[in-house]
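Please keep the structure in view while reading.

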Amino acid sequence: MDILETLRERFSDKIKNVKIHTDKRIYIDIDKENLLEVASFVFNDMDARFVTASGVDNLDSMEILYHFSIDREDVIVSLRVLLDRENSVVESLGSIIKGALNIEREMYELLGIKFLNHQDLKRLLLAEDYPEGVYPLRKDDQKGKK
Amino acid sequence: MKKVIVPIGPYHPLLEEPEYFALYCDGELVVDVEWMAGYNHRGIEKISESKHWDQVTFLIERICGICSTSHPIAYCNAVEDLAKVEIPERAKYIRSIVGELERIHSHLLWVGLAGHFLGYNTVFMWAWKYREPILDIMEMVTGNRNHYAMMKVGGVRRDIEDADIPIIRKILEQLKPKLEMLTGAVLDDPVLAARLKGVGVLTAQDIKEYGALGPVARASGVDIDVRRDSPHAAYGLVEWKVITCKEGDVFAKAVVRLLECFESIKIIEQCLDNLKGKKGEISIDVRNIPPGEGIGHYEAPRGECFHYVRSDGTSRPLRHKIRAPSFMNIPTFKASCIGETVADVTIILAGVDPCYCCTERSAVAYDVSTRKKILDGSDLIKLSHEKTGKIRKQFGIKDK
């Protein structure tokens, strides 16, 4: 698989783990320190389309999957970053991908993940009077269970 | 310099659904746009975590009332990717037929609304009139005008019988000349050309940066279409082509949408050929969803619907991420609206066919003056069944 070869060649020391679900769906684990570099390479040099990012609360960690689609090859590459749950902070992709700004705002308000150097990190969907520090998409959120 | 804010929304005749745009203006010129959403947010991703895998298809249909089969197809693709399931061939054709019928009705709905926003109500009336028979086909085949409940993990829920096929063909045949007339009238109209050409231009670079999708991307010369790029359902089995334009203005978006309707008709006709006279399974049993993760996408009328699901082996999704196309298309306003006049911005906003979420349905009808219940849920369902029966009778289809 060319895509994986290219990435392995370029980031041999930065790719922690690779999961090939099918030949069309590849999941790559990286450290959050390398996110900007790898994402920028996938987006610009490999000419991938930024699809979206999925934030997942694993209870022991926060996880973000950045999905990139390489349409001409019909492959979706997902970059997986694990964050500390109590202090989940990661660099914003907004400086290289404008389309990532809103999904980062959404993850910020729903999961409580902070994005460094985001140009406009404020709520996107929640009401202004929704309490601070309550993150409805977290698994242990009690407010949503009523 | 003092800036004036012109608010559009949250409730505004231009918008079908609540959403707020603040236009920062310097005189007539728009210098910045701010978007605020969430007025209709229902937390479907969260609700999905509390539903059975099979129930989720009904839930996510309620994400949108216009493209209410696109999300289920994307979701089923995701779960089938997770469980590594291949659906029967007959189900593939039926999925494509329902998907393409939906595309025709959605594009016609947009053309009508665009005409209405420009004050050209003849286009509005034509387009919505020609859209109606498509909804009749939907009701005849699926039982509902919207929220068809056709998709399930592993296939489809209802078959398209041989008896239905000639009527679907007849309606599509009748639609073609009307659609040609409408397309000609819209594309040749000097007033529409003056209002739409060169307005709200998005370059291919803008599309890349914002990740814009669907007709918005294709109108700017970005040749992407999930149906072709990632063949699923019957899209790899029939002949059709992806429509693109180079200009990137609102006019190009209208051209792409109108011409796509003809491609949709082509796809449906070929799928019907492949269904006719043949028998076969329409779904396979998917009982257990193994632990793991899956990604599915589908080209909805507005662009790619993207679903990510994760399973821990139980009967419910552990996480279900949904990304609708408008989420990526709406931020392009920063690129397309700035420098335009307020009058043009209204149609630029409508140009991406923004669609938020729509689930409002009546469940009970009350008399306003006496507060007495007139109809409850079961009465409404009964009425709906009677209406479907009437349509089927009108087309001469006998019920089993």
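## A pair of strands

In chain A, Ile64(A) has Val81(A), a residue of E5(A), as its bridge partner. The strands concerned are E4 (residues 61-70) and E5 (residues 75-84) of chain A, which pair in the antiparallel sense over 10 bridges. Two strands are said to pair if DSSP finds at least two bridges between them. Strands (E, at least two residues) and helices (H or I, at least four) are DSSP runs, numbered from the N terminus.

The model is predicted: local features need pLDDT of at least 70 and side-chain atom pairs count only at pLDDT 80 or more, while totals for chains, interfaces and linings use all residues. Residues are numbered from 1 along each chain as its sequence is written, and chains are lettered from A and ligands numbered from 1 in the order in which they are written.

## The sheet and its helices

In chain A, 5 strands form an open sheet with mixed pairing, in the order E1-E2-E5-E4-E3. E1 and strand E3 (49-57) of chain A are at the edges; each has a single partner strand, so one side of each lacks a neighbour in the sheet. From one strand to the next, the twist averages 20 degrees.

H1(A) packs on the sheet and touches E1, strand E2 (25-30), E4 and E5 of chain A; its direction makes about 175 degrees with that of E1(A). Helix H3 (residues 101-111) of chain A also packs on the sheet, touching E3 and E4 of chain A, and its direction makes about 5 degrees with that of E3(A). Axes are lines fitted to C-alpha atoms, for helices over the stretch in contact, and angles run from 0 to 180 degrees between N-to-C directions.

## An exposed loop residue

Asp13(A) lies in the loop between helix H1 (2-10) and strand E1 (15-22) of chain A. Asp13(A) is exposed because 6 other C-beta atoms lie within 10 Å (buried means 20 or more, exposed 12 or fewer, and partly exposed in between, with C-beta atoms placed from the backbone).

## Where the chains meet

In total, 23 residues of chain A are in contact with 23 residues of chain B (contact means C-beta atoms, placed from the backbone, within 7 Å). On the side of chain A that touches chain B, the elements giving two or more residues are E3 and E4 of chain A. The largest share, 6 residues, comes from E3(A).

Key
Contact = placed C-beta atoms within 7 Å.
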